[in-house]
Amino acid sequence: MASGWGITGNKGRCYDFWMDFSECMSQCRQPKDCGLLREDYFECLNHSKEFQRRNRVYKEEQRQLRAAAEKAKGGGVDVHH
């Protein structure tokens, strides 16, 4: 990754994030100063936040579908605790 070359021979998709993070690390006093840039770089590589958000959206959609089906089936009794 640090070479900057992607699989197709062009610049890698996360190379710009890497360069920002690398530059920050070479100039900062403490590594924690570059935490947000590190987070951006890892998100580009792994998409973990994106997948977590997609999963939360999917679970909420499923919950709403179940609630609507339950309401249609059971006559609309809404019980909240």
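This is a predicted model: local features need pLDDT of at least 70, side-chain atom pairs count only at pLDDT 80 or more; totals for chains, interfaces and linings use all residues.
Me: Which pattern do the disulfides of the protein follow?
Reply: With the bonded cysteines counted along the chain, the pattern is 1-4, 2-3.

Me: Which parts of the chain does the pair of C14 and C44 link, and how many residues apart are they?
Reply: C14 belongs to the segment before helix 1 (15-27), and C44 belongs to helix 2. The pair thus links distant parts of the chain, and the separation is 30 residues.

Me: Is the disulfide of C14 and C44 left-handed or right-handed?
Reply: The torsion about its S-S bond is about -95°. Because of that torsion, the disulfide of C14 and C44 is left-handed.

Me: Are C14 and C44 buried or exposed?
Reply: Buried means under 20% relative accessible area. C14 has a relative accessibility of 1%, and C44 has a relative accessible area of 12%. Both values therefore place C14 and C44 in the class buried.

Me: Where do C24 and C34 lie, and how many residues apart in sequence are the parts that the pair ties together?
Reply: C24 lies in helix 1, whereas C34 lies in the loop between helix 1 and helix 2. The parts tied together are therefore apart in sequence by 10 residues.

Me: Why is the sulfur of C28 too far for a bond with the closest cysteine sulfur?
Reply: The closest cysteine sulfur to that of C28 is in C34. A disulfide requires sulfur atoms within 2.5 Å. The sulfur of C28 is too far for a bond because the distance is 3.7 Å.

Me: At what angle do the axes of helix 2 and helix 3 cross?
Reply: The axes of helix 2 (residues 35-46) and helix 3 (residues 48-74) come within 6 Å of each other and cross at roughly 65°. That angle makes helix 2, relative to helix 3, roughly perpendicular.

Me: Which residues in helix 2 meet helix 3?
Reply: On the side of helix 3, the contact involves S48, K49, E50 and F51. The residues of the contact divide into 1 nonpolar, 2 polar and 4 charged. The residues in helix 2 that meet helix 3 are E39, E43 and N46.

Note on methods. Residues are numbered from 1 along each chain as its sequence is written. Side-chain values use heavy atoms; hydrogens and water are left out. Axes are lines fitted to C-alpha atoms, for helices over the stretch in contact, and angles run from 0 to 180 degrees between N-to-C directions. Helices (H or I, at least four residues) and strands (E, at least two) are DSSP runs, numbered from the N terminus. Angles under 35 degrees count as roughly parallel, over 145 as roughly antiparallel, 65 to 115 as roughly perpendicular and the rest as oblique. Contact means heavy atoms within 4.5 Å. Ala, Val, Leu, Ile, Met, Phe, Trp, Tyr, Cys and Pro count as nonpolar, Asp, Glu, Lys and Arg as charged, and the others, Gly among them, as polar. Buried means under 20% relative accessible area, exposed over 50%, partly exposed in between (1.4 Å probe, protein chains only).
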